[in-house]
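Please look over the sequence and the structure shown here before reading on. The briefing that follows begins with one residue and its contacts, and then moves to the protein as a whole and to further residues.

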Amino acid sequence: MTTDLEGRKALVTGGASGIGLACARELAGRGARVVVADINAEAAEAAAAEIGGEAWHVDLSRTRDLDALELDVDVLVNNAGLQRVSPVDEFDPDAFRLLHDIMLISPFLLIRASLPHMYGRGWGRIVNISSVHGLRASAYKSAYVSAKHGLEGLSKVTALEGGPHGVTSNCINPAYVRTPLVEKQIADQARVHGIPEDEVVEKVMLTETAVKRLVEPEEVASLVGWLTSDAAGMATGASYTIDGGWTAR
Ligand SMILES: NC(=O)c1ccc[n+]([C@@H]2O[C@H](COP(=O)([O-])OP(=O)(O)OC[C@H]3O[C@@H](n4cnc5c(N)ncnc54)[C@H](O)[C@@H]3O)[C@@H](O)[C@H]2O)c1
């Protein structure tokens, strides 16, 4: 693997599990010093120890705590997220706010906190882990779909402002990835769709994709690796699907 991130510092939110952990490993493998930010302190410490990075125990839903933050990172991966599945007319208002705080407001505040350092160095890479649901809607996911659509807009505006300063900003849009987030969703999806749990992957998660399997976290991380490389300096303001053909429809 190339070590093109030697001397760079990276921050991965939700880096203790799933896609974030795969990204932390990828960036550390490319030579970056990686900060693993996560609400799960024990898992963040374990991930940081594994990759020779550092852990930042933080609850990213406490967005006011991030208002005055200053970060000295060269690479920012906004990845922390969670899912709630419920019809709009029954959606718990606090759950809606929670998803927006973690998946839209906190990425804004972390980008805001990182840009002065990136602008100062004339180089920066922001990767926002969006979703196929940043580009398409699915029933019962009003909070998630609206937060991810908002993240798409935030990423594009960041790309326009960051371009003259050597800072790129992009989204990655995976279909269902094999992570704990998806495993936790299976029971909820079975309930709202009225089908048995063992049919959820085939009948709900893989219906729209041409390639009939889940995405692997390492496949998303390899795209993050490329987007943070010098070779990707002209790749900005874009949304990179890795969705088995879902959005080709
Ligand atoms: N798994 C999928 O199918 C899939 C598909 C498309 C996009 N995504 C996106 O990828 C990202 C990562 O998802 P994943 O599947 O790896 O999930 P995951 O549940 O495996 O990991 C999420 C991580 O975020 C952390 N986290 C949750 N709330 C937090 C908070 N308040 N503060 C700090 N950390 C917090 C968790 O502790 C966990 O370590 C999310 O933004 C998700 O929307 C996932």
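Apart from its neighbours within four places in sequence, G134 is in contact with K148, H149 and E152, where contact means heavy atoms within 4.5 Å. This is a predicted model, in which local features need pLDDT of at least 70 and side-chain atom pairs count only at pLDDT 80 or more, while totals for chains, interfaces and linings use all residues. Residues are numbered from 1 along each chain as its sequence is written, and side-chain values use heavy atoms, with hydrogens and water left out.

**More on G134**

- G134 sits in the loop between strand 5 (124–129) and helix 4 (142–162); helices (H or I, at least four residues) and strands (E, at least two) are DSSP runs, numbered from the N terminus.
- With a relative accessible area of 4%, G134 is buried, a term that means under 20% relative accessible area, whereas exposed means over 50% and partly exposed lies in between (1.4 Å probe, protein chains only).
- Although G134 and R25 belong to one chain, they are 109 residues apart along it, and their C-alpha atoms are separated by 25 Å.

**The protein as a whole**

- The protein contains seven helices and seven strands, and, read along the sequence, these follow the pattern β-α-β-α-β-β-α-β-α-β-α-α-α-β.
- The radius of gyration is 17 Å, close to the 18 Å that the globule rule gives for 249 residues, so the protein is as compact as a globular protein of that length; the radius is taken over C-alpha atoms, and the rule is 2.2 Å times the number of residues to the power 0.38.
- Taken along the principal axes, the C-alpha atoms fill a box of roughly 55 × 35 × 35 Å.
- Of the 249 residues, 52% count as buried, and among contacts with a separation of 6 or more, 70% are accounted for by residues 24 or more positions apart.
- The accessible surface comes to about 11100 Å², of which 53% belongs to carbon and sulfur atoms; accessible areas come from the Shrake-Rupley method with a 1.4 Å probe, and for residues only the protein chains shown count as cover.
- There are 23 positive and 33 negative side chains, and the centres of the two sets lie 4 Å apart; Lys and Arg count as positive and Asp and Glu as negative, with His and the chain ends not counted, and the place of a charge is taken as NZ of Lys, CZ of Arg, CG of Asp or CD of Glu.

**Cysteines**

- A search of the whole structure finds zero disulfides, a disulfide being a pair of cysteine sulfur atoms within 2.5 Å.
- C23 is in no disulfide, and the nearest cysteine sulfur, that of C171, is 13 Å away.
- C23 is buried, with a relative accessible area of 0%, and C171 also counts as buried, at 1% relative accessibility.

**Residues in and before strand 1**

- T2 is found in the segment before strand 1, where it counts as partly exposed at 46% relative accessibility.
- Leaving aside neighbours within four places in sequence, T2 is in contact with G29 and R30, while T2 and S106, which are 104 residues apart in sequence, are 31 Å apart in space, C-alpha to C-alpha.
- K9 lies in strand 1 (residues 9–13) and counts as buried at 14% relative accessibility.
- Not counting residues up to four places away in sequence, K9 touches R33, V35, E54, D72, V73, D74 and V75.

**Tyrosines in loops**

- Y140 is located in the loop between strand 5 and helix 4, and is partly exposed, with a relative accessible area of 29%.
- Phi of Y140 is near 75°, a positive value in a residue other than glycine. Most residues other than glycine have a negative phi.
- Y176 is located in the loop between strand 6 (167–174) and helix 5 (180–193), and is buried, with a relative accessible area of 9%.
- The contacts of Y176, leaving aside neighbours within four places in sequence, include H133, K141, V204, M205 and W246.
- The C-alpha atoms of Y176 and R213, which are 37 residues apart along the chain, are separated by 8.6 Å.

**A glycine in helix 4**

- G153 is found in helix 4 and counts as partly exposed at 31% relative accessibility.
- G153 and D92 are 61 residues apart in sequence and, C-alpha to C-alpha, 25 Å apart in space.
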